[in-house]
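Dear colleague,

Here is the structure for your files.

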Amino acid sequence: MLRSFSYYQPTRIHFGFGKLEEVGRIVSRYGKRALLVTVPPFPALEPVFEKTKRLLRKSGVEVAHFDQVIPNPTTESISRGAEMARDFRADVVVGLGGGSSIDTAKAIALEVTHEGTAWEYHLFGERKVTREILPIIAIPTTSGTGSQVTAVSVLTNPKERFKSAIVDPLLFPKEAIVDPDLVMTLPQHLTASTGFDAFAHAFESYIHVNANPYTDLLALEAIRLIVRFLPPLLCDLSNREARAQMAWADTLAGLSIANCGTTLPHGIAMSIGGKAPWVMHGEALSVVYPEFIQRTAPYALERFAAIARIFRPELSQEKDEIAAQELGDIMVSFLKEIGMWFGLEDLRIPREELPEIAEYTFKLPDYTVNPWVPTKEEVLSPLESAYSRD
Ligand code: NAD
């Protein structure tokens, strides 16, 4: 029986090579004083930052550049950006970069329009988003987080060593410019790690207990594209077609999580990120996946089998039980193929942190929507198995 569902997506998407050229026209629809939010300039992205400022100014938009984003953004870095936005009287915020820059832009847009700090609005914070925030324009330079089309800003409170998220429909960017030219400079490991994040979004929204026919469509297409285009892209980082397909897959996966969400692996990966901010989000996810598949597959056989058959169409001849079971080995091969096969030890996570990582997983809601709802012990034991990999 086809289930009932709602779908909401207010972000206007501009997709394609060269789309950055339209940034001035797009941003000027929302304001005349833009805060541009990026990481500190470095050779791969500095020309993009300069070009964006030039295009904005050419369209009559004044720009202040907050260039202090840090990967896995913290509450302090966001507050520094919010202070700059206030001093400049910004009326629109442009997040240009990976998920960390886009999420910082979202949190700044919230903090300047609300009482207190952005952190107070996280999932279990004291405050709720109550009114319009500054309009956000998102321009991704990675293909991984889907943040350009989600209502989520992920942030870390270093004092609590806790990574959480602000989730509210008012955080949806007004417009997203997805220009694959901007991801051409992404190096090998970042391409693999962010690509695996997009894969995990699609995977988890497909096996999510609240998946719906619309998110299924988006998630399955994203998985197909990533399985087909990520491995060849990693053999030739200048492959423009594969770069474009990954940028599209990332956007599809983002659209899917925006209307469904993520499950257990993301809860664990966020907990790892809170304790070990040097670990990339995609790295934390890749460590968790083999054990997660092994333990969750029996509770959603049909869906795990469908994903296995995307990797190996010949499994269509087999029963769901067999195909789903194969997915564990398929995942290990995939992670090895894309250079993402490692353990928690390789990510420099002290073994004594594992119990707290398991415990913090339960501070986030992701585990509750997994087809199999684990206990704390059932999260800790796979983390122990994932500690060292051969
Ligand atoms: P990132 O933004 O942290 O960037 C990682 C590194 O890549 C940085 O050093 C950056 O300078 C570099 N980089 C970015 N683009 C580049 C390019 N084109 N060329 C060369 N280098 C480039 O990485 P990310 O994985 O995109 O974002 C991770 C953050 O997003 C995490 O905090 C994660 O939890 C969050 N996230 C958010 C959502 C959401 O819906 N809001 C979803 C998933 C993850």
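A cavity here is a set of points, on a 1 Å grid over the protein atoms alone, where a 1.4 Å probe fits but cannot get out; a pocket is an open set with protein on both sides within 12 Å along at least five of seven lines, and lining residues have an atom within 4 Å of a point. The second largest cavity is lined by Ser143, Val183, Leu186, Thr191, Thr194, Gly195, Leu230, Leu233, Arg243 and Met246.

This is a predicted model, in which local features need pLDDT of at least 70 and side-chain atom pairs count only at pLDDT 80 or more, while totals for chains, interfaces and linings use all residues. Residues are numbered from 1 along each chain as its sequence is written, and side-chain values use heavy atoms, with hydrogens and water left out.

Ligand site

The shell around the ligand holds 28 residues, and Gly99, Ser100, Thr141, Thr142 and Thr150 come nearest. A residue counts as near if one of its heavy atoms lies within 4 Å of the molecule. Both domain 1 (12-183) and domain 2 (188-385) give residues to this shell, so the ligand lies between them. The domain bounds come from an automatic or database domain assignment.

Helix 4 (99-111), strand 6 (152-157) and helix 5 (188-207) each supply at least two residues of the shell, and helix 5 gives the most, with 4 residues. Helices (H or I, at least four residues) and strands (E, at least two) are DSSP runs, numbered from the N terminus. By class, the shell has 12 nonpolar, 13 polar and 3 charged residues. Ala, Val, Leu, Ile, Met, Phe, Trp, Tyr, Cys and Pro count as nonpolar, Asp, Glu, Lys and Arg as charged, and the others, Gly among them, as polar.

An N or O atom in the side chain of Ser100 is 2.6 Å from an oxygen atom of the ligand. On its own the ligand has 870 Å² of accessible area, of which the protein covers 91% (Shrake-Rupley method, 1.4 Å probe).

Cavities

There are 4 cavities of 30 Å³ or more. A volume is the space filled by probe spheres set on the grid points, which are joined across faces, edges and corners.

The largest cavity holds about 100 Å³ of space. Ile268, Val288, Glu291, Phe292 and Pro382 are the closest to its centre among the 13 residues that line it. Helix 8 (264-275), helix 9 and helix 13 (376-385) each give two or more residues to this lining, with the largest share, 5 residues, from helix 9. The lining has 10 nonpolar, no polar and 3 charged residues.

Second largest pocket

This pocket has a volume of about 200 Å³. Its lining includes Pro290, Glu291, Ile293, Gln294, Ala324, Gln325 and Asp329. Helix 9 (281-296) and helix 11 (320-337) are the elements that give two or more residues to the lining, and helix 11 has the largest share, 5 residues.

Regards

Terms used: Polar contact = N/O pair within 3.5 Å; in protein donor to acceptor, adjacent residues only side chain to side chain.
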